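Work through the exercises below with the model in view. Each task is followed by its solution.

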Amino acid sequence: MVSLTKRVNLLGGAVFVLAIGLWELLVRTSVLDFTYLPAPTAVAEGLGELFANGELLGALGHTLFAALSGWALAGLAGVAAGSVLGLVRPVWMYSMASLEALRALPIVAFVPVAVLLFGFSVQTEIMVAFYAALWPILLNTINGMRTEPRMLESGAVLRLSKAAVLWKIRLPGATAMIVVGLRLGLSVSLVLTLVAEMVGNPAGLGFLLVEKGQALQPGQMFAAVFVIGVTGIVLNGLVMGAARLAFRGQMASSGEAA
Amino acid sequence: MTPTISCDDLAVTLPGASGPVHILRGVTLAVEKAEFVSVLGTSGSGKTTLLRVLGGLLPASGGTVRCDDTAVSGPPEGVVTVFQDYAHSLLPWRTVRRNVALGIEAKMSKSERDDRVDEALTMVGLLDRAAEYPWRLSGGMQQRVQIARALATRPRVLLMDEPFGALDAMTKASLQDQLQQVQELTGTTVVFVTHDVEEAVYLSDRLVVLRGSPADIGLSLEIPLPRPRHQITTKERPDYLELRHRVYEALGHTVGEPARG
């Protein structure tokens, strides 16, 4: 995380702190006069309460489990199917129309369908997270498999086997694209898990948010929003860090150096 | 003596936007062991096509292509092509060392592989950059990495497709001399495609000029200049200048007139 500390932007941070201070000031002086807009101090208080009574960690754990399970499954399925689609021309020809149609369907529209199919359960959340993350991972893998023809010729003149070409040239060549797909997939799977929790399975951070809103506890509700935001940032950072560790050369050569 | 790599009455026709395009017709070329043969021709004359057919990257439409006594279908064992665009030929996620190992790593033990890689990198003078990524190196160095990758396989034949075409004049001259030394050291057979007349005369034992459309061999010229050759003294010899003159003529240039094409 050396890179993170280096990238911390002092001026940007100052603006953020100033904005929070301004928010506090405007609420306290009632310039901003909404019945249920809490001041940042009230949000911090709400966060403390949620943390103390265990609601927060329980909900966070539930949401993370659902989103990450769906995302991981999508990663496996998306990379495998994307490789086949990218490499085997006939498969691509036959499935392209169906893929285009499904891809164009807004994912949110799939949430009530999943609720109907899988009930008010964590399976619904996992399915929705899976479906949401599948598309960016699949499409980026397909694109990534369009290997530079000259690299393949280099493999041919060095008499690499077909397996070696796949393993040593095509997949490493697609890694940077696949990682982009995984990052996009992770953020949408988190979003869609939250939606599924709001309208389907009453659990996790999504439900916590709705519940605190309906219970007229704006401090706690905003605290939940804050936690969701931080979760997204942390997850993205973790994926990038892991990718840089595992695929040093690929990430460095695509300009994603650590 | 059987030539190392040869083609007989070779024809190549490729599909074009408006019907088939005849690129080569009736090309017969036999390259002996340890011979350095350059293929010259104007842009679009089919030089690269000829090299791709010899290297097994493109099938012939007519005639035969042989490597030793075997008909070529796909890249033959011991024949490695070096491409002009080094940036796309090297694997950017592998270090220089692992790029050079690409062709041999599946075929030998780790220690043997390391020895071969060291040997190849020493020949091109890049041993001290082995841990670098290729995209951190200059164009000339990257091309040397590609040459080392080919040398690591201990090829009998190197097919080089304008390998120095994208490099500046000074880098080009130093790589020409390095290639000369490597060839002398290893006895590798080289087929060298270029559009640079000076380069072809300077490096070759023999050069052929592709001419016409579809192209065939318009001129085949022995280059009996003594070796080792030197960038300054060899290029000042009257016989060098005479050979150079003949090649320019074969390419269609006439003294006293501006160049065509």
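This is a predicted model: local features need pLDDT of at least 70, side-chain atom pairs count only at pLDDT 80 or more; totals for chains, interfaces and linings use all residues.

**Exercise 1.** State how α9(A) and α10(A) lie relative to each other.

*Solution.* Residues are numbered from 1 along each chain as its sequence is written, and chains are lettered from A and ligands numbered from 1 in the order in which they are written.

Step 1: helix α9 (residues 162-199) and helix α10 (residues 204-214) of chain A pack at about 50°, with axes 7 Å apart. Helices here are DSSP runs (H or I, at least four residues).

Step 2: on the α10(A) side, the contact (C-beta atoms, placed from the backbone, within 7 Å) includes Leu205(A) and Phe207(A). Among those from α9(A) are Leu194(A) and Met198(A).

Step 3: by class, this contact has seven nonpolar, three polar and one charged residues.

**Exercise 2.** Find which residues Ala148(B) touches, not counting residues up to four places away in sequence.

*Solution.* Step 1: Ala148(B) touches Val100(B), Ala120(B), Leu121(B), Met123(B), Val124(B) and Leu126(B).

**Exercise 3.** Describe the contact between chain B and chain A.

*Solution.* Step 1: chain B gives 20 residues and chain A gives 17 residues.

Step 1: on chain B, β6 (79-82) and α2 (86-89) each supply at least two residues; strands are DSSP runs (E, at least two).

Step 2: the chain B side has 11 nonpolar, six polar and three charged residues.

Key: Two residues are in contact if their C-beta atoms, placed from the backbone, lie within 7 Å. Ala, Val, Leu, Ile, Met, Phe, Trp, Tyr, Cys and Pro count as nonpolar, Asp, Glu, Lys and Arg as charged, and the others, Gly among them, as polar. Axes are lines fitted to C-alpha atoms, for helices over the stretch in contact, and angles run from 0 to 180 degrees between N-to-C directions. Angles under 35 degrees count as roughly parallel, over 145 as roughly antiparallel, 65 to 115 as roughly perpendicular and the rest as oblique.
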